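Me: I have a structure open and want to go through it with you. Can we start once it is on screen?

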Amino acid sequence: MERIKGRLGFGCMRLPLNEGDVDIPAFCDMVDLFMESGFNYFDTAHGYIDEKSEGAVRRALCERYPREAFVLTDKLTGSYFKCREDILPFFESQLQECGVDYFDFYLMHSQNKSSYEHFKRCGAYEVAGELKASGKVRHIGISFHDTAEVLAEILDEQPQIEIVQLQVNYLDYDSPSVQSRLCLEECKRRGIPVIVMEPVKGGRLASLPEEAQALLDKAKMGSAASAAIRFAAGCDGVAVVLSGMGSIDMVRDNARAISDFKALDEGEQKTLERVRKMLEAESLIGCTNCRYCVKGCPAGIKIPDLISCYNKTKLGDWCGKYYYERHTDGAPKPDDCIGCGACEDICPQGLDIRRILLDIHNMYDNEADESDDGTRNNKATDLDKETDGNDASISEGLEDKADGILYAVQNTLLGERESLYSDIPATMESPDGFRRIVKHMTRRNLALKFINNPKILLTIIGITMAIIVLISLFTG
Ligand code: SF4
Ligand code: SF4
């Protein structure tokens, strides 16, 4: 911890882009300004920016500054390993991609109740301990998204955790799902320093509705982002506030907010409280654009982009509909959702994504679904029934049989699973996740795609023939 300079960290998940790639010259300028401003903490992960973040960090930071000049955090992400043997090669590839021979902090990424089970099952914490002993990792930590109770359980079981990365911002501070305040208290009680992530909630608190910004202006609190960062930095036990900066102006603004850091006074706290109430009244969807859900969506829906359009439209911004049309032009729409739930399993914000997609569909597409005779032709309404009544429509006995068959298919095809579902994150690797996706695929006639795979078809034909032979043997 002593090597960290200042309380602002550079989150490398929203770097400036140029034609789809990280704009390295712009990123170099941002790194230089950040370092000149007296900060040195950088945070990356393999999956950030479609796996381009680590390489960009190497080029803009690690190849341009001596190793002792910066502190670098990388993460072990659950979707990149399926067993213990996968972890070391993955870790070595991260070192290589970043161009360093050690990480200052190595975090078990996005821990929650279910991902923690995956990490434990694969011995990830033991491997992290070995990496620390070898000097390739200086400190072990976690980034965390779940309740304070789950956090306490993990910290009890893994005493080697030295740092915790938590989502803290004034909108989520007392939210029942994020529980920032309770999680902060849990860390403080154990003397574990906290790195704050999402202080501006994926940009949502950086750009406020006019009325809310007017409140900040009246209180002379500066930009919306700097007010949010000051709130997070002022919380007890916070060592560093990460900001996912995407432009040199953001670096300048964030650096100023922390360099001249003054904790919010009582009047400013009250102003933020009023802003929070205004934002809650708008009931915007709290997506942070982390994009974890995108990669594993079998329907290929650009979930965060559609949510962003929806939020814009809710704020009365005409371009919400315009961008919705751009994002769905020749691309999957909300009603292409097959209801598998993979996105909800992985969403750190705990969003009810299937329900949200239905709302988005109703906002933008419902008119188009009126057929000529006025009757509805609405796939999303079918989804509504599925997600609402979900399994109630299937009698228990039938469901049990279906589950049995699906388990049999799962076991038979275990070797095939990776190639079939290579883009589905680790959370879907549990029998329950696998079963749900197959069940929903079946309901949505996507079973046809499943059956069309020659390897699967041959396996099913083989099993059927074996059963027929056995039956004919027994019946003489
Ligand atoms: S439920 Fe499945 S298909 Fe629907 S958006 Fe989520 S991941 Fe995609
Ligand atoms: S919906 Fe959830 S997982 Fe997807 S980008 Fe938003 S916050 Fe991240």
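What follows is a short exchange about the fold and the two ligand shells.

Me: What kind of model is this?
Reply: It is a predicted model.

Me: How many helices and strands does the protein have?
Reply: The protein has 23 helices and ten strands.

Me: And what share of the residues is buried?
Reply: Of the 476 residues in the protein, 41% are buried.

Me: Contacts next. Of those between residues at least 6 apart in sequence, how many join residues at least 24 apart?
Reply: That share is 76% in the protein.

Me: On to ligand 1. Which residues come nearest?
Reply: Cys-297, Ala-299, Cys-337, Cys-340 and Cys-343 come nearest, out of 15 residues around ligand 1.

Me: How does the shell around ligand 1 divide by class?
Reply: Twelve of its residues are nonpolar, two are polar and one is charged.

Me: Now ligand 2. How many residues surround it, and which are the closest?
Reply: Ligand 2 is surrounded by 14 residues, and the closest are Cys-287, Cys-290, Cys-293, Pro-304 and Cys-347.

Me: Which helices are involved there, with at least two residues each?
Reply: For ligand 2 they are helix H13 (292–295) and helix H14 (303–314).

Me: And the classes in that shell?
Reply: The shell around ligand 2 has ten nonpolar residues, three polar ones and one charged.

Definitions and conventions: Residues are numbered from 1 along each chain as its sequence is written. Chains are lettered from A and ligands numbered from 1 in the order in which they are written. This is a predicted model: local features need pLDDT of at least 70, side-chain atom pairs count only at pLDDT 80 or more; totals for chains, interfaces and linings use all residues. A residue is near a molecule or strand if its C-beta atom, placed from the backbone, lies within 6 Å of it. Ala, Val, Leu, Ile, Met, Phe, Trp, Tyr, Cys and Pro count as nonpolar, Asp, Glu, Lys and Arg as charged, and the others, Gly among them, as polar. Helices (H or I, at least four residues) and strands (E, at least two) are DSSP runs, numbered from the N terminus. A residue is buried if 20 or more other C-beta atoms lie within 10 Å of its own, exposed if 12 or fewer, and partly exposed in between; C-beta atoms are placed from the backbone. Two residues are in contact if their C-beta atoms, placed from the backbone, lie within 7 Å.
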